[in-house]
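User: I've got this model open and I'd like a close look at one part of it. Could you walk me through the biggest pocket and the helix that goes with it?

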Amino acid sequence: MSIERVTPKHYPKVDFGRRGIALGIDFLCVWIVSSLLGSSQVGVQVVQILVFAIFWVILRVIVPYNNQGQSLGRYAVDIKVLEVEAGKLPDLQSLLKREGIVGLGALLVSIALSNIIRNPTAILLLIPLAIDCGAAFSDTQLRQALHDRYVKTMVVSSRRGYSLDIKIKKLVEKARQNMR
């Protein structure tokens, strides 16, 4: 009796720009909603944090769970989240853990952006998200960030989506040709 080593299925790697754009789109959607529904007082607002957390869970957990691993931002740039081992959509608990980690970092960025003018040291709140996402630079095989490694997920290219990044590249190229 011998044990065979099964090689994991290889998926197309997603470049960091596309991942950043997807996170940025999702963050902006949630941040705008939480800013509009929160108050305009100085400091950290509990209502704004609560609205941010609720909308983050809706946009980054519930929508991908029901939409083949794609949130609004991921759909825009043709990427999705899968489990490393099985190559399938993560379960709801895994998505909650993954997005809880990313959401905490995004929440700190939101607080930093709201308070950066009054308190320039708020820029330090960007560090946790930068460390978490920056870990993907050291992983040349799967490009997993710390939250992906913890939950055993990966971000892969998909065929289903809006292809916003490709459409913007075409528009920029067309504008460059018209400028000549």
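This is a predicted model: local features need pLDDT of at least 70, side-chain atom pairs count only at pLDDT 80 or more; totals for chains, interfaces and linings use all residues.

The largest pocket holds about 280 Å³ of space. Its lining is made up of 16 residues, and Arg19, Gly20, Leu23, Cys133 and His147 are the ones nearest the centre. Two elements, helix 1 and helix 4 (92-115), each give two or more residues to that lining. Helix 1 gives the most, with five residues. Sorted by class, the pocket lining comes out as ten nonpolar, two polar and four charged residues.

Now for helix 1 itself. Helix 1 (residues 16-37) pairs up with helix 2 (residues 46-66): their axes come within 9 Å and cross at roughly 140°. The crossing of helix 1 past helix 2 is right-handed. On the helix 1 side, the contact uses Ala22, Leu23, Asp26, Phe27, Cys29, Val30, Trp31, Val33, Ser34, Ser35 and Leu37, while helix 2 brings in Val47, Gln48, Val51, Phe52, Phe55, Trp56, Leu59 and Arg60. By class, that's 14 nonpolar, three polar and two charged residues.

Gly24 has a relative accessible area of 27%, so it counts as partly exposed, between the 20% and 50% cut-offs.

Methods:
Residues are numbered from 1 along each chain as its sequence is written. Side-chain values use heavy atoms; hydrogens and water are left out. Axes are lines fitted to C-alpha atoms, for helices over the stretch in contact, and angles run from 0 to 180 degrees between N-to-C directions. Helices (H or I, at least four residues) and strands (E, at least two) are DSSP runs, numbered from the N terminus. A crossing is left-handed if the near helix is turned anticlockwise from the far one by less than a right angle, and right-handed if clockwise. Contact means heavy atoms within 4.5 Å. Ala, Val, Leu, Ile, Met, Phe, Trp, Tyr, Cys and Pro count as nonpolar, Asp, Glu, Lys and Arg as charged, and the others, Gly among them, as polar. On a 1 Å grid over the protein atoms alone, a cavity is a set of points where a 1.4 Å probe fits but cannot get out, and a pocket is an open set with protein on both sides within 12 Å along at least five of seven lines; lining residues have an atom within 4 Å of a point. Grid points are joined across faces, edges and corners, and a volume is the space filled by probe spheres set on the points. Buried means under 20% relative accessible area, exposed over 50%, partly exposed in between (1.4 Å probe, protein chains only).
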